[in-house]
Amino acid sequence: MRLDRWPGRSWWHAWCWPLLIGFTSACAPMAQQVRDMAQQRPGDAAEHGLRWLARTDSVAASEEADAVRVEVAQALMAQAARSDNPNAWAAACARVPESDATAGLAQRCTERHAAAVYRDVVLPSRRHEAHRSFRRRFPASALCEQSEREEARLALDAARSVGTALAFERYREQYASLKSAASYLAEARELEAEAAFREATATGTVGAWSSFCGRYPQSRLLPRALRNEIGLAYEHAQRSGQVADLRRFIEVYGRYPEAAQYVQSIRGREVAHARAELRMDEDAALEGFVTRYESWPEAVEAVGAVRRVLLQLRLDRAVRAADATALEQFITMHREWPEADPQVRAARRELVRIVFAGLAGAPAIRSCEFIKRFAGWREADAELPVARAACSGR
């Protein structure tokens, strides 16, 4: 009769079939027995093998014992895989027999244990502290790098919930050495800059904006922050109205294109202020004004006007001295000045007059020297004919 048609088939499978397997396996090597039992009941197979190992301490190093240890380890892992939870894998790892033959299986069991803990405990907790605890517990796990990234992400979310520049700064300090967190560190840097920008806006001082620009030179918010700093600094300098404050603004911000319009305005005001206080009868003061401002585009008109006053003062001094040498020095010094043409012509005319006056009663040779010296000078047009006559009549 076929067993599948036997009326007591279910009873047979429940009791007789395992007994038959056990009877036929009893004569097989223990490793084979554990392997056969593990196909249906891995937990019982592991217990069977462990009991055998406990009774065979004297042959613990034999090949058969190592084979049993391997089968027990595999049975324990198969049993744990059925429930696949951290407790099951922890129990399996704790009972894997220790030997060189089972080292690889023990490592795989630990990896499966770590994976179950990471999946069922660490990830659902959504706490970056849980990830640190996981890596301390399983330092060799292949999941450590993933855990680091996830911890960094969770910690960044925590810093984002605080939302202050200090929170993001502390985050970056804590995770600066974590290579797997590089993308989050870059994001934290920009979030920190955004928070600092809001804080500087609330503070609303030049110092706050200056601090922001110094701390976040790579931020996309730098141009806005720099414009805010420059604008506030300009307002302060303008309200002060002091030349020193205006000059300080230019010294600090003159190199920035964002300050060009302010620099132009301040320089114009400084030039006007300095010109208004200038003593127009002091040669040194006039020369100092020209020296300081002659390179400023905003001072072209003022410098030209002051130069004309300075030229007139020097010309008057040379004329009063009635000294040909002083007049010659004046002409040499100022003939390249754009504003000096009228004064240079006047000085040349006065020089001609003085030298010509000295010809009276002088030998004819002096008239010849006069002609040689002033030939081609329009300022000597009236004197040259007289000098030529005197020279030719010698």
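A residue is taken as buried when its relative accessible area is under 20%, as exposed when that area is over 50%, and as partly exposed in between, with a 1.4 Å probe and protein chains only. Helices are DSSP runs of H or I with at least four residues, numbered from the N terminus. The structure is a predicted model, in which local features need pLDDT of at least 70 and side-chain atom pairs count only at pLDDT 80 or more, whereas totals for chains, interfaces and linings use all residues. Residues are numbered from 1 along each chain as its sequence is written, and side-chain values use heavy atoms, with hydrogens and water left out.

In helix α19, which spans residues 364-374, the buried residues are A364, S367, C368, F370, I371 and F374. Viewed down the axis of α19, these residues fall within an arc of 155° (taken from the directions from the helix axis to the C-beta atoms) and therefore line one face of the helix. An α-helix has 3.6 residues a turn, so residues three or four places apart point the same way. The buried residues of α19 pack against α18 (341-357) and α20 (384-392), where contact denotes heavy atoms within 4.5 Å. After α19 comes G376, with a positive phi near 90°.

Across the whole structure, 17 aromatic pairs are found, a pair being rings of Phe, Tyr or Trp (its six-membered ring) with centres within 6.5 Å, and planes under 30 degrees apart counting as stacked, over 60 as edge-to-face and the rest as tilted. The rings of Y293 and W296 have centres 5.0 Å apart and planes at 80°, so this pair is edge-to-face; both residues are buried. F356 and F370 also form an edge-to-face pair, at 5.6 Å centre to centre and 65° between the planes. Because F356 lies in α18 and F370 in α19, the pair ties together parts that are 14 residues apart in sequence. F356 counts as partly exposed, at 24% relative accessibility, whereas F370 is buried, at 2%.

Terms used. Helices (H or I, at least four residues) and strands (E, at least two) are DSSP runs, numbered from the N terminus.
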